[in-house]
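The paragraphs below lead a new reader through one protein model, a step at a time. Please keep the sequence and the structure in view while reading.

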Amino acid sequence: MDVSTSTVQLNTPDGKMETFEARPKDGGPYPGIVVLMEAFGLNDHIKKVTERIAQEGYVAVAPDLYHRESERVVPYSDLQKAMGIMNRLQDPKVMQDVGAAIAHLKSQGNVKAGSIGVTGFCMGGRFTYLSAAHHNKDVKAAVAFYGGAIPMGDPSPLARTGEIGCPIYLFFGGKDPLIPADHVSQIKTELTNKQKKFEIKLYPEATHGFFCDERPSYHAESAKDAWEKTKSFFAQHLQ
């Protein structure tokens, strides 16, 4: 499917937020998906993922969650710097950003306002989980790739599991040094206890960042499988 891309400026309480948008060139209406970036910023990889999602028949937007920062994209080789910027983010402010992206999608004539999903990678995976709880009136499906620190924060996304109002799919790597197996089991237990619709897929050979073909951690087989599962999941719950 042919797509067009653009950069839009969305209003937030802290000023303008640059947002990358990809949409099918044909009329629609289409479901909408918010794509939440890794700790490295709104980079080419996240933009490519956003385009790939649009090619499947969605209006996809990737907000720049670092819009309050002076440095907004960090190379994959500089994890320490990325972590430093990421650690300055505040959950309530990020939820305002996600809210602005959702409101933008709902205002578009070619978007089905009742069919909005969220996906994200690394820190964006954590914010996907949080968005499914915080924006439960709008988010109809959520897919989190290697979301770290879901049990962490005050309150943590995990503590808000009861508020999740949509099916959620979570992908993890069995060799991920940043997400302890204990965290994955805590998430599974909490989602089960709160009787949420969820699936968790653990790729035994994959590590953190396995979906990103620009990182040494890329694991082609796991990435391909997770992409197919993501497409099926969104098609089932949003189309």
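Predicted model: local features only at pLDDT ≥ 70, side-chain atom pairs only at ≥ 80, totals over all residues.

A residue is called buried when its relative accessible area is under 20%, exposed when that value is over 50%, and partly exposed in between. His-208 is placed in the loop between β8 (198–203) and α6 (220–238), and its side chain is joined to that of Asp-176 by a polar contact of 2.7 Å. Glu-71, which also belongs to a loop, in this case the one between β4 (59–63) and α2, has a relative accessibility of 35%, so this residue counts as partly exposed. Between Glu-71 and Lys-81 there are 10 residues in sequence and 9.9 Å in space, taken from C-alpha to C-alpha.

The aromatic rings come next. Over the whole structure, a search finds 16 aromatic pairs. One of them is formed by Phe-121 and Phe-145, whose rings are stacked, with 4.6 Å from centre to centre and 25° between the planes. This pair links distant parts of the chain, since Phe-121 belongs to strand β5 (residues 111–121) and Phe-145 to strand β6 (residues 139–145), 24 residues apart. Phe-121 has a relative accessibility of 2% and so counts as buried, and Phe-145, with a relative accessible area of 1%, is buried as well. A further pair is made by Tyr-169 and Phe-171, which is stacked because the ring centres are 4.7 Å apart and the planes stand at 25°. Tyr-169 counts as buried because its relative accessibility is 7%, and for Phe-171 the value is 0%, so this residue counts as buried too.

A probe the size of a water molecule, rolled over the atoms, shows where empty space is left. How many cavities of 30 Å³ or more does a search of the whole structure find? The search finds one, and the volume of the largest cavity is about 40 Å³. Its lining is made up of Ile-53, Glu-56, Tyr-58, Trp-227, Thr-230, Lys-231 and Phe-234, and α6 provides the largest share of that lining, with four residues. Sorted by class, the residues lining this cavity are four nonpolar, one polar and two charged.

The last stop is the largest pocket, which holds about 600 Å³ of space. Its lining consists of 28 residues, and those lying nearest the centre of the pocket are Met-86, Met-123, Arg-126, Gly-148 and Ala-149. Which helix gives the most to the lining of the largest pocket? That helix is α4, with five residues, while α2 (79–86), α3 (91–107) and α4 (123–134) each supply at least two residues of the lining. By class, the lining of this pocket contains 17 nonpolar residues, together with six polar and five charged ones.

Conventions. Residues numbered from 1 in each chain as written. Heavy atoms only, no water. 1 Å grid on protein atoms, 1.4 Å probe; cavity = no way out; pocket = protein on both sides within 12 Å on 5 of 7 lines; lining within 4 Å. Points joined across faces, edges and corners; volume = space filled by probe spheres on them. Nonpolar A, V, L, I, M, F, W, Y, C, P; charged D, E, K, R; others polar. Phe/Tyr/Trp six-rings, centres within 6.5 Å; stacked < 30°, edge-to-face > 60°. Buried < 20%, exposed > 50% of the residue type's maximum accessible area, 1.4 Å probe, protein only. Polar contact = N/O pair within 3.5 Å; in protein donor to acceptor, adjacent residues only side chain to side chain.
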